[in-house]
Amino acid sequence: MTRSLAHEVAVIGVSCTKFGENFDQSLQEMMVEAGTGACQDAGISVDDVQAAWLGTFSPGFGGGKATITLSDALKMRGRPITRVENYCATGTDAFRNAAAAIAAGKYEIVMVVGAEKLRDRAVRGLQREGIHPYLESGSTAPGLFALSANRYMHTFGTDRRVLAKVAVKNHANGALNPKAHFQTKVTEEQVLNAQVIAYPFGLYDCCPTTDGAAAAILCRADLASKFRKELILVRGSGLAVMSGKPFLDPTVDYLGFPSTTAAAQQAYQEAGISDPIKQVDFCEVHDCFTWTEITNYEDLGFCKKGEGARFIEEGRSSLTGDVPFNPSGGLKSFGHPVGATGVRMIYEIVTQLRGEAGARQVKDAEVGLAHNLGGPGAVACVVILGRES
Amino acid sequence: MKGIVGHAVRLPAYSVARDEIARAWQIPSPGGQKRCIRFDEDSLTLAATAAQDCLAGMDGAHVDGLLFASTTAPHLERLNASLIAAVCDLPAACATMDLGSSLRGATSALQTALSLLGGRQGGNVLVCAGDTRDAEPGSGEEMLFGDAGAAIAVGEQNVIAELISVATIYDDFLDAVRRDRDAFITSFASKFSADRGYVVPMQTAIQSALKRAGLTAQRVSKAALTSPDKRSHLQLAKKLGLAEDQIQDILFNDVGLTGSAMPLVLLSAALESAQPGDIILVAAHGNGADALVFRVTENIREYQMHVPTSKQPARIQYSSYTQYRKAREHFRHADNGLEISNILYAKEEHQNVRLHGSECSHCGTRQFPVTQVCVSCRRGDQLREIALARSGTVFTFAQDELYPSPFPPTLMAVVDLAGGGRIYCELVDCAPSEARIGMPVDLMFRKFKEGGGLYHYYWKCCPGRGL
């Protein structure tokens, strides 16, 4: 049996930069804003942080691949910093590792920073590094997810109109969020008539390339009351790794992401959740493309395989539905700076659990789930947080 | 008995109407269309596809020689025939050689291949040719030149057309010249060139071959004669005393003049409609001439081409002259910066070029690429390397507008290979509206990128062309 870390780790501070085309901020400046912001939120100084985890996919100029990116930004010297890179699940995985270190009793207060600067590259879009020159030639992120979406839609007879509903919902939520990359509503017709990127995905079916950073301060649960009056605990977490090349695996059915299901099972078990639709109040999930959110409903166990379309059509995932998905606006509207996204989800869940989400506040939010997906379903990470009453 | 044991033609799926070229340059059009490469094809890929199709029609017959003829081979130093032999997954002891610079390289190769028989391990020898001759934009030759590949296998077992005689002559005549530093040929096309540089040597070689065979021109069932233009072969036929129905159509209206591939393309076309007892003459010109005479055997009744010419129509037409030029210019100017070390190339040649994968003896799962642990039962002690099938069905696909391409969208397919194994590759020669889950596809070796001083080739797939 693995030892549960439920109820041992508290989140006492969170912060997030404005997401968007942050042309006037460097990666380091965004890290400083998020990192010091989270410390202020927790009522501590950077010197109180005993160890840090940096989640970043492509740290870029000056920092190389190493942890010094964070050390040089915050001048956080002489302490352990670990860099986590796990595709688009980087942010939640950095958080998961930090939480595990607290639960193990190694540290009392640690910091997680997720940061990414995608908009100062010479080439637009996500830089894909280390792909096999032959076996993966011709692939792009939308193209890889379109392989799944097309097979799914072929199997279940799903219409593009259903996908468009995800974009409409998440843009509407983002319009209520002052930190979102896009704060404009879109109509179903706009989504359906937009330029095709990789069929079935049009422009509005795809998340943007975004700059941003987010940070969280974690501490031992028994010490949390020294810093914050409310108590928000990590209830469970899970990480599952599948293949980075599902297109070569003849056992893959392309109807969803088993990595999500496996990661969720780990987290549910730790959190004591047997019926997520009743026990989880809202979710921040990985909607890199509209269809991804549809399969997430199913893979996370909120409905059966093939019923994701009905789940959104019935409005169950809307802000006023029984389980709001992506009240923040999601990757679709809030933006997707790869390594930052997972930590940004933690920021949103904590904000909601504190009841500080303003116009996008989820009613009676007590348990929130964050879900990150990396690669073409290669990696999934799920984190569940809850407010103790 | 020595002779032909298999044949195949590779006609590109793309074409351009000659009227489009005429419109662009404000010149008269001779009508019809010519076949032309997609941006990811070259003479090597055309020949390699024909070579594979030829082998596929021969029921796994042993091959221990491969000769490649082209005037537009992609490599001046790097044995093109060795790469084609690897694509065909031939054994290392296979004799390989390139024949360049001659329009009659393929018929010279055919003579060489026939002379190699018997002295080796008793295997067949494959002759393949491909050409993508690029004429100067706006020139008369641009109207004429088409792209194609072809392959002829020769051997001593299951011969479908027995060799009766050969003849060859050389003549350093100046009719079409391309020096080492020229992109296009310098043409001396004229009545004089057609007579003195084409008809005279062709007539001499053909009459010599027929004489050696003890045959008259009247006995010839089909004469596959290359031509430097639309009609000089008809002048030649008249000189030889051949009637119109004895002449193999040179496919001018559909394909064009296909350089060193042309004699094999026409020979294959002649064999496609041949009957036992037929006499087939093939002759090619180019600084002299080669002529070979064959007698068709009873085995022709049993022989089936893997991909008949009728299954290779022009599926996609370049909508304008500019589009056609763009396809030809793409690799001339594109360096995609993809550098692949020769270490990786050597290490992965079996999977990336020969299309080898693994089969697990525990659970029977075939998988690509070569692997150390079974993707299905996760055991690693009973995997053996195998050659995977080169056809399959589309499991799913994406129509990607984002991937950089001279002609977006890029269709990417996940293909389940016949007999097992799954591969991810571009779907080519297919209109986006034609792509379907479940559609049958053939794997085809194509260029995909350039960089580090190399053309990079890999497998792609196209709509199934089989019977």
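Chain B is divided into two domains, domain 1 covering residues 3-333 and domain 2 covering residues 342-463. The model described here is predicted, and the C-alpha centres of domain 1 of chain B and domain 2 of chain B lie 30 Å apart in it.

**The contact between the domains of chain B**

- To the contact, domain 1 of chain B brings 29 residues and domain 2 of chain B brings 28 residues.
- Between them, domain 1 of chain B and domain 2 of chain B bury about 2,500 Å², and 53% of that area is on carbon and sulfur atoms.
- The interface of domain 1 of chain B and domain 2 of chain B is crossed by eight salt bridges, and 15 residue pairs across it are in polar contact, with both residues at pLDDT 80 or more.

**The side of domain 1 of chain B that touches domain 2 of chain B**

- On this side of domain 1 of chain B, at least two residues each are supplied by α2 (43-56), α3 (80-87) and α9 (321-333) of chain B.
- The element that gives the most to this side of domain 1 of chain B is α9(B), with five residues.
- Sorted by class, this side of domain 1 of chain B has 14 nonpolar residues, six polar residues and nine charged residues.

**A salt bridge in chain B**

- R446(B) and D40(B) meet through their side chains in a salt bridge, with a distance of 2.7 Å from N to O.

**H75 of chain B**

- H75(B) is placed in the loop that runs between β4 (63-70) and α3 of chain B, and it counts as buried because its relative accessibility is 12%, where the cut-off for buried is under 20%.
- When neighbours within four places in sequence are left aside, H75(B) is in contact with L44(B), N80(B), L83(B), Y455(B) and Y457(B).
- Although H75(B) and L44(B) are 31 residues apart along the chain, their C-alpha atoms are separated by 9.1 Å.
- The side chain of H75(B) is also joined to the side chain of R78(B) by a polar contact of 3.3 Å.

**N173 of chain A**

- N173(A) belongs to helix α5 of chain A, which spans residues 160-174, and with a relative accessibility of 5% N173(A) counts as buried.
- Apart from neighbours within four places in sequence, the residues in contact with N173(A) are L319(A), F325(A), N326(A), P327(A), S328(A) and G329(A).

How values were computed:
Residues numbered from 1 in each chain as written. Chains lettered and ligands numbered in written order. Predicted model: local features only at pLDDT ≥ 70, side-chain atom pairs only at ≥ 80, totals over all residues. Heavy atoms only, no water. Domains from an automatic or database assignment. Contact = heavy atoms within 4.5 Å. Buried area = accessible area lost by both parts, 1.4 Å probe. Salt bridge = Lys/Arg side-chain N within 4 Å of Asp/Glu carboxyl O. Polar contact = N/O pair within 3.5 Å; in protein donor to acceptor, adjacent residues only side chain to side chain. Helix = DSSP H or I, 4+ residues; strand = E, 2+ residues; numbered from the N terminus. Nonpolar A, V, L, I, M, F, W, Y, C, P; charged D, E, K, R; others polar. Buried < 20%, exposed > 50% of the residue type's maximum accessible area, 1.4 Å probe, protein only.
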